[in-house]
Each structure stands twice: as structure tokens, then as C-alpha cells.
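Have the structure open as you read.

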Amino acid sequence: MMAFARSTGRWLSRRAENVAAAMLAAMFAAFLLQIAFRYLLNLPIGWTHELSAILWIWLVLWGASFVVSEREEIRFDIIYGAVGPGARRIMCIITAAALIALYLVSLPAVVDYVIFMKVQSSSYLNIRFDLLFSIYIVFAVAVIVRYIWIAWQALRGAAPDEIDPTQASSGV
């Protein structure tokens, strides 16, 4: 059962990366189209700029939700890297509890705001703002679930990985 869960998780992770890559490709194509129309045809078009901005927001929040792992997140880890596994575990639990609480407290207001924004649409593409902003709800729920899992692991005794300054994603 665990092998099936792991293989399904890896498959979903690759699909999330595929979605992020497709958004990046679409954003790049819109950017090139915008340059071609503006500078080659002297005919500026606004929808490409709007599409690029929308895709950028979605790409960042989608990536933070499903593509970037916890150990790849940017952080200030000078103190974290200087302490032992027990202190790292306690710091991890405190951080996870604070983030879970903050996102849970803000979630109802975020959902209300996103639902309220159905009254407006984007200028060129005429996409309702509630659809555009809905990615933030996905992001908030993903962060809550991620940090519940991280806190659970730390409470069970698994200390977070030690900081390795030789790794590119270490933040050092």
C-alpha cells in the first residue's frame, strides 16, 4: 500500500511540474507575441500583458503549493543550522503550528474575498476575478496540509534535516 502511495505521489508531483511548465510556456509565448505585435507590427495588444500577469501569479502560487518541496523553500537558517536535532525539531513544531494557525485563521476571510470578487472581471480577457484569485485558496490549503504533515512528522520524533551549506537549495 505504501509503495502505491509513493508511486502515486511521484506521478502527481510530475503532473504538477508539467502544469507549471505549461504555464511557463504559455507565459513565454504571450510575452513573445506581445513583443512581436508591439515592436514589429507597431500594434500594441493588452491581452498578452494581462495573460502574462495572470500566469505569473498562478505559476508562483501553483509552484509553491505543489512543486517546491519544503526543503527547497527559502529561509533564514543561521540559527536553525547551528542547533542540534532536538532543537530543530522544536523549532519546526513551533513554526508549523504558527503557520497552520495563521493560514487557518485567515482562510475564511480569504474565501469570502475570493467569492466576493466574482463581481469584477479582468479588462481584456474578461475572466472573473474569483476564478483568477482562486489559486490563493488552493495555495493556502496546500500550505496548511503541508505543515500539518511536517508538524506530525516532528511530533513523532523525526528531526528535520540538518542544513548542508554545500547544497544549492540550502539558502546559505
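Two residues are in contact here when they have heavy atoms within 4.5 Å of each other. With that in mind, take Q34: leaving aside its neighbours within four places in sequence, Q34 is in contact with T48 and H49. Please remember throughout that this is a predicted model.

Q34 is found in helix α1. Is Q34 buried or exposed? The cut-off for buried is under 20% relative accessible area. Q34 has 15% relative accessibility, so Q34 counts as buried.

Now look at how α1 is placed against its partner. The helices α1 and α2 pack with their axes 9 Å apart, at an angle of about 160°. Angles over 145 degrees count as roughly antiparallel, and therefore α1 and α2 are roughly antiparallel to each other. Their crossing is left-handed. On the α1 side, the residues making this contact include A16, A20, M23, L24, M27 and Q34. On the α2 side, T48, H49, L55, L59 and W62 are among them.

Which residues of α2 are buried? They are T48, E50, S52, I54, L55, L59, L61, W62, G63 and S65.

Not counting residues up to four places away in sequence, L59 touches A20, M23, L24 and M27.

## Helices α4 and α5

A second pair of helices comes next. The axes of α4 and α5 come within 8 Å and cross at roughly 155°. With the cut-off for roughly antiparallel at over 145 degrees, α4 and α5 are therefore roughly antiparallel to each other. The crossing of α4 and α5 is left-handed.

Helix α5 covers residues 129-155, and D130 is found in it. The side chain of D130 makes a polar contact of 2.6 Å with the side chain of R128. Beyond residues up to four places away in sequence, D130 touches V114, M117 and K118. D130 counts as buried, because its relative accessibility is 11%.

Y147 also lies in helix α5. Which residues does Y147 touch, not counting those up to four places away in sequence? They are E70, E73, A96, L99 and I100. Y147 counts as buried, at 9% relative accessibility. S69 is 78 residues from Y147 along the chain, and the C-alpha atoms of Y147 and S69 are separated by 11 Å.

## The largest nonpolar core

How many residues does the largest nonpolar core have? It has 22 residues, and those with the most contacts inside it are M23, L59, W62, Y103, F139, V143 and Y147. Four helices each supply at least two residues of this core: α1 (2-40), α2 (47-67), α4 (85-116) and α5. The largest share, 9 residues, comes from α5.

## Two loop residues

Finally, turn to the loops. N42 has its place in the loop between α1 and α2, while N126 has its place in the loop between α4 and α5. Phi of N42 is near 50°, a positive value in a residue other than glycine. N126 likewise has a positive phi, near 55°, and is a residue other than glycine. Are these residues buried or exposed? The cut-off for exposed is over 50% relative accessible area. N42 has a relative accessible area of 65%, so N42 is exposed. N126, at 57% relative accessibility, counts as exposed too.

Here is a table for looking back over the residues and their accessibility.

| Residue | Relative accessibility | Class |
|---|---|---|
| Q34 | 15% | Q34 is buried |
| N42 | 65% | N42 is exposed |
| N126 | 57% | N126 is exposed |
| D130 | 11% | D130 is buried |
| Y147 | 9% | Y147 is buried |

Note on methods
Residues numbered from 1 in each chain as written. Predicted model: local features only at pLDDT ≥ 70, side-chain atom pairs only at ≥ 80, totals over all residues. Heavy atoms only, no water. Buried < 20%, exposed > 50% of the residue type's maximum accessible area, 1.4 Å probe, protein only. Polar contact = N/O pair within 3.5 Å; in protein donor to acceptor, adjacent residues only side chain to side chain. Core = buried A, V, L, I, M, F, W, Y, C linked by side-chain atoms within 4.5 Å. Axes fitted to C-alpha atoms, helices over the stretch in contact; angles between N-to-C directions. Parallel < 35°, antiparallel > 145°, perpendicular 65-115°, else oblique. Left-handed = near helix turned anticlockwise from the far one by under 90°.
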